[in-house]
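Subject: Structure for you to look at

Hello,

Here is the structure I said I would pass on. Please open it next to this message; my notes follow below.

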Amino acid sequence: MSNDGNGQTFPKMNSSLKESLLDRMRNTHQSSERNRMARSERELPPAPRRQQARFEDLPEYKQVLTQKIASEQLGIANPFYRPHQTAAGATTMIDGRKLINFASYDYLGLNRHAHVLERARETIADFGISASASRLVAGERPQHVELEEKIAQFYGVDAAVCFVSGYLTNVAAISCLMGPKDLVIHDEFIHNSALAGIKLSGATRRFFKHNDTADLEHVLRTVAGDYRRILVIVEGIYSMDGDVANLPALLKLRAEYGFWLMVDEAHSLGVLGRHGRGLAEHFGADPHEVDIWMGTLSKTTSSCGGYIAGSAALAAVLKASAGGFVYSVGLAPVLAASAVASLDILASEPERTAAVRRNGSLFLKLAKEAGLDTGLSGGFSVVPVIVGDSLRAVQLSNDLLAAGVNVLPIIHPAVPEGQARLRFFITCDHTEEQIRRTVTLTAERLKDLTDRNFGLGGVDIEKMLSALSAR
């Protein structure tokens with residue numbers, strides 16, 4: 001026996017066994033090294049010298065600079081990364097000013113709810129902040145199981161799996177379930193996280209026209225190739241446009257063509273359906289008919305992370321094989337507990353869901369009456385005001401900030417040039433007065449910018465190109 005100096009004793013390895021083990025390790029290493037050397041010593045033509053690209057020369061960086069220079073020419077301040085000095089909900093604080101806020105995902109106003117905060121404090125006291133390991137290894141906590149059971153129960157399905165990031169949820173789940181022999185068909189305006197998951201999977205990718213199930217059927221009819229699996233991905237409420245997926249038509253196609261249906265409920269959980277249970281409740285559909293329910297924990301549930309809900313077999317596969325679950329640290333216990341508390345409130349206070357829908361409907365009605373272009377929005381949690389010109393959208397955001405309203409622009413390349421917009425997130429805590437004032441200010445400020453033809457048309461292209469080349 002050997003002693004570690006602290007009174008602990010351990011069995012001592014037999015010297016001959018130790019030498020044998022070391023010999024095997026050395027032989028394996030030496031064999032590998034000989035193979036490597038043999039490969040490197042083969043007669044190969046000299047590799048051409050290549051110039052390593054600088055990040056400053058990347059076209060992606062040039063695009064950032066172009067937008068910056070154009071903004072500087074017109075005197076437009078950068079509206080992004082504005083630091084908030086308080087928890088942001090229907091109102092917020094920026095640079096010491098209290099503002100009406102339409103840039104928060106806190107749809108049901110739960111981020112500062114007493115029950116959520118109390119549950120968070122209790123969990124921090126008992127479990128600290130981090131899970132400190134992958135759940136598979138040593139990071140499993142009771143809050144993880146509680147949250148997954150709560151989500152599955154809320155949806156009315158068998159099981160759920162939680163991930164540390166909403167973006168990662170799509171990337172990990174899609175790349176785990178699909179592969180090079182498979183086909184993914186998605187709405188043309190699907191979230192970037194789904195596109196990243198498809199790319200990582202190596203599956204063939206096709207898209208259909210936005211929220212157009214007739215075009216989806218056309219794509220399904222013309223599918224050529226012997227695909228192992230087919231997955232169709234849509235969003236419950238589309239994050240850029242605010243319209244709702246046609247679930248009954250999608251389920252009809254699923255029954256006829258035999259594909260997996262995945263619904264991203266990031267913006268529809270807590271918003272659609274009488275009790276906020278999402279798209280299935282909204283249409284009165286059986287949740288088991290949707291193969292994969294996906295959502296984020298950072299919006300309605302005022303936490304952070306994401307989830308997949310569906311069959312027990314689906315959950316088992318993801319927990320065993322999804323890289324974003326197996327190789328990622330477990331969701332922070334405090335975040336899991338806070339999400340559980342939020343779901344408890346959602347279940348017991350359905351009036352919050354009714355309020356956000358009432359406010360969204362009012363915002364949409366007033367915006368249309370004011371002549372604003374709200375695109376396809378159904379007046380739920382997301383209402384865009386389409387401006388067109390990216391620079392005009394940015395300046396409109398700045399003008400509204402000066403007038404006491406915080407709302408952010410969505411510009412190229414997040415949306416096509418010509419489709420730039422302000423995106424208003426509606427919460428249950430917004431007052432009628434705040435909504436009316438915001439719509440009035442938006443219409444007035446946009447009219448002023450339009451009358452002045454403010455935007456890309458006012459940029460001196462030669463001056464911009466000169467400034468770009470100088471950098």
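Before the rest, some ground rules. This is a predicted model, in which local features need pLDDT of at least 70 and side-chain atom pairs count only at pLDDT 80 or more, while totals for chains, interfaces and linings use all residues. Residues are numbered from 1 along each chain as its sequence is written, and side-chain values use heavy atoms, with hydrogens and water left out.

The whole chain

The secondary structure of the protein chain comes to 17 helices and 15 strands. Of its 471 residues, 48% count as buried; buried means under 20% relative accessible area, exposed over 50%, and partly exposed in between (1.4 Å probe, protein chains only). Of the contacts in the chain with a separation of 6 or more, 73% are between residues 24 or more positions apart, where contact means heavy atoms within 4.5 Å.

Helix H7 covers residues 192-201, and its buried residues are Ser193, Ala194, Gly197, Ile198 and Ser201. Seen down the axis, these fall within an arc of 140 degrees, so they line one face of the helix. (The arc is that of the directions from the helix axis to the C-beta atoms.) Lys199 and Leu200, on the other side of H7, are exposed. The cover over the buried residues of H7 includes helix H6 (166-177) and strands E6 (183-187), E7 (204-208) and E8 (230-235).

Helix H16 (residues 432-451) has 20 residues and should span 28 Å at 1.5 Å a residue; its end C-alpha atoms are 29 Å apart, which agrees. The expected span is 1.5 Å times one less than the number of residues. Among the buried residues of H16 are Gln434, Ile435, Val439 and Leu449. After H16 comes asparagine 453, with a positive phi near 50 degrees.

Aromatic rings

A search of the whole structure finds eight aromatic pairs. Rings of Phe, Tyr and Trp (its six-membered ring) pair if their centres lie within 6.5 Å; planes under 30 degrees apart count as stacked, over 60 as edge-to-face and the rest as tilted. Phenylalanine 163 and phenylalanine 325 form an edge-to-face pair, 6.0 Å centre to centre with 75 degrees between the planes. Phenylalanine 163 lies in strand E5 (residues 159-163) and phenylalanine 325 in helix H12 (residues 323-326), so the pair ties together parts that are 162 residues apart in sequence. Phenylalanine 163 is buried at 1% relative accessible area, and phenylalanine 325 is buried at 8%. Phe102, Phe363 and Phe424 form one aromatic cluster.

Two charges sit over rings, by the rule that NZ of Lys or CZ of Arg is within 6 Å of the ring centre and within 35 degrees of the ring normal. The charged end of arginine 277 is over phenylalanine 154, 4.6 Å from the ring centre, and lysine 299 is over the face of tyrosine 105, at 4.4 Å.

One buried leucine

Leucine 346 lies in helix H13 (residues 333-348) and is buried, with a relative accessible area of 1%. Leaving aside neighbours within four places in sequence, leucine 346 is in contact with residues including Leu108, Phe154, His275 and Thr300.

Regards

Technical notes. Helices (H or I, at least four residues) and strands (E, at least two) are DSSP runs, numbered from the N terminus.
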